[in-house]
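Please keep the sequence and the structure in view while reading.

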Amino acid sequence: MTVTGTPPPSAAPADVVRRQYLASARGDLEALRATLADDVEWTEMAGFPLAGTYRTPAGVTAAVMERLAADWEDWTAHDDSYVVDGENVVVLARYTARHRTTGKPLAVRVAHHFVVRGGLIVRFEQFVDTALVRDAMTGSALAPTR
């Protein structure tokens with residue numbers, strides 16, 4: 001007997017995280033929610049416009065992804081490289097976008113720490129230069145220091 005069809009998605013931590021980035025890039029919130037555990041803890045860094053910890057897949061997409069799409073044109077998290085240690089996945093990435101109100105572009109390096117268990121993301125923590133994000137949102141820039 002031959003079984004055909006699509007194999008189940010990989011539960012390997014890096015593969016789960018990669019599916020999350022791909023779903024985000026497509027704007028596919030349903031697929032993104034499918035990568036998150038029901039009790040996920042998603043933390044946006046203090047100083048970031050969406051700072052805080054969000055729970056549940058629907059809570060994460062409503063409080064983070066939908067708000068980013070409303071405030072920014074073409075918000076994209078580019079996952080450049082992965083460091084994997086068991087259930088821990090650290091992604092060195094970039095955000096690119098254009099703020100809808102100021103029209104200013106954003107290009108900033110970020111690090112994301114994911115914890116993946118049982119094929120689902122259970123924890124996320126963001127690290128980003130929040131001053132660069134704020135500058136794009138306000139139209140002001142900090143003067144360089146000497």
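## Ala-46

Ala-46 lies in the loop that links strand E1 to strand E2 (52-55). Strands (E, at least two residues) and helices (H or I, at least four) are DSSP runs, numbered from the N terminus. The model is a predicted one: local features need pLDDT of at least 70, side-chain atom pairs count only at pLDDT 80 or more, and totals for chains, interfaces and linings use all residues. Residues are numbered from 1 along each chain as its sequence is written, and side-chain values use heavy atoms, with hydrogens and water left out.

Ala-46 counts as exposed because its relative accessibility is 65%; the class exposed means over 50% relative accessible area, buried under 20%, and partly exposed in between (1.4 Å probe, protein chains only). Not counting residues up to four places away in sequence, Ala-46 touches Ala-51 and Thr-130, where contact means heavy atoms within 4.5 Å. Ala-46 and Gln-126 are 80 residues apart in sequence, yet their C-alpha atoms are 9.2 Å apart in space.

## Helix H4

Thr-130 is also one of the buried residues of helix H4 (residues 130-138); the others are Ala-131, Val-133, Asp-135 and Ala-136. The elements that cover these buried residues include E3, strand E4 (88-99), E5 and strand E6 (120-128). At the start of H4, a side-chain oxygen of Asp-129 comes to within 3.1 Å of the backbone nitrogen of Ala-131.

## His-112

Beyond four places in sequence, the residues in contact with His-112 include Tyr-21, Val-89, Phe-124 and Gln-126.

## Annotated region

In an unreviewed UniProt entry, the annotation "domain: SnoaL-like" covers residues 17-123; such annotations may be inferred rather than shown by experiment, and UniProt positions are given in the numbering used here, with feature names shortened. Over residues 17-123 the chain is 28% helix and 52% strand. The end C-alpha atoms of this stretch are 11 Å apart.

Methods
Polar contact = N/O pair within 3.5 Å; in protein donor to acceptor, adjacent residues only side chain to side chain.
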